Amino acid sequence: MLLEVQPEVEVVGEAGDGEEAVRRCAELSPDVVLMDLRMPVLDGIAATDRLRVEQPGVRVLALTTFDDDADVFAALRAGALGYLLKDVSSARLVEALVAARRGESVLQPSVAAKLVARVARLPQEVPPPVTPLSERELDVVRLLAEGRSNREIAGRLFLAEGTVKNLVTGVLAKLQVRDRTQAALRARELGLC
């Protein structure tokens, strides 16, 4: 009823459970679905996941009473474009629906804070070298990672020590590091040794 009186929103259907929501979406092709996460038969997370597969053009906003981490991340993984709590103001709800129709994510501030905290805990991705290492440079970096000196690397690879020095310089440049220790660490991060 709250949404039906809003000029920016046209309510095209309702559903009492997740299974019915998926079925009604197939019939009605709405732009945005306001999905309750706690529903009988098929919960909102499972229904959102099915809609993502069966109706990829439909945007889903999760609407629930709960903002516990499990529900938040499960809904977003299932394909929800946003996550709002049921105590949201009617004006904010309408803004969220309009934004979702444009493809924008809409998150309750408490949910956004959880998401930011989770992202901050993710391991940093190590970008690959700009220029791939040659087979010979890979041999050198593996021996560097073992702590070998230029002389030892030269002996192991049957190269002149000057050649090894040039190869090490090339490895440092390609891995974008300043010294041998950083090269060894970076090579391990990249899975080169």
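The buried residues of helix α6 pack against α7 (150–157), α8 (161–175) and α9 (180–189). Here, buried means under 20% relative accessible area, exposed over 50%, and partly exposed in between (1.4 Å probe, protein chains only). Helices (H or I, at least four residues) and strands (E, at least two) are DSSP runs, numbered from the N terminus. The model is predicted, so local features need pLDDT of at least 70 and side-chain atom pairs count only at pLDDT 80 or more, whereas totals for chains, interfaces and linings use all residues. Residues are numbered from 1 along each chain as its sequence is written, and side-chain values use heavy atoms, with hydrogens and water left out.

The residues of α6 that are buried are E137, L138, V140, V141, L143, L144 and A145. E137 lies within this helix, which covers residues 135–145. With a relative accessible area of 8%, E137 is buried. Apart from its neighbours within four places in sequence, E137 is in contact with P132, L167, G170, V171 and K174, where contact means heavy atoms within 4.5 Å. K174 and T131 are 43 residues apart along the chain, and their C-alpha atoms are separated by 5.7 Å. Just after α6, G147 takes a positive phi of about 85 degrees.

The chain contains nine helices and four strands, arranged along the sequence in the pattern α-β-α-β-α-β-α-β-α-α-α-α-α. The four strands form an open sheet in the order β1-β2-β3-β4, with parallel pairing. Strands β1 (32–36) and β4 (106–107) stand at the edges with a single partner strand each, so one side of each is left without a neighbour in the sheet. Two strands are taken to pair if DSSP finds at least two bridges between them. Strands of a sheet pair through backbone hydrogen bonds, either parallel or antiparallel.

Five bridges join β1 to β2, and the two strands run parallel. A62 in β2 is the bridge partner of M35. Strand β2 (residues 59–64) also pairs with β3 in the parallel sense, over four bridges; here L84 of β3 is the bridge partner of L63. Strand β3 (residues 82–85) is covered on both faces, with G82 and L84 buried on one side and Y83 and L85 buried on the other.

Helix α3 (residues 69–78) has D71, V72, F73, A74, A75 and A78 as buried residues. The cover over the buried residues of α3 includes α2 (44–54), β2, β3 and α5 (109–121). G79 follows α3 and has a positive phi, near 120 degrees.

Most residues other than glycine have a negative phi, and most peptide bonds are trans. S29, which is not a glycine, has a positive phi of about 50 degrees and is placed in the loop between α1 (18–28) and β1. Q176, in the loop between α8 and α9, has a positive phi near 60 degrees and is likewise a residue other than glycine. In helix α1, R23 is partly exposed, with a relative accessible area of 46%. The C-alpha atoms of R23 and L51, which are 28 residues apart along the chain, are separated by 9.5 Å.

For the chain as a whole, the radius of gyration is 27 Å, whereas a compact globule of 193 residues would have a value near 16 Å. This radius is taken over C-alpha atoms, and the globule rule is 2.2 Å times the number of residues to the power 0.38. The C-alpha trace spans about 80 × 30 × 30 Å along its principal axes. Of the 193 residues, 38% count as buried. Among contacts with a separation of 6 or more, 56% are between residues 24 or more positions apart. The accessible surface comes to about 11,300 Å², of which 53% belongs to carbon and sulfur atoms; accessible areas come from the Shrake-Rupley method with a 1.4 Å probe, and for residues only the protein chains shown count as cover.
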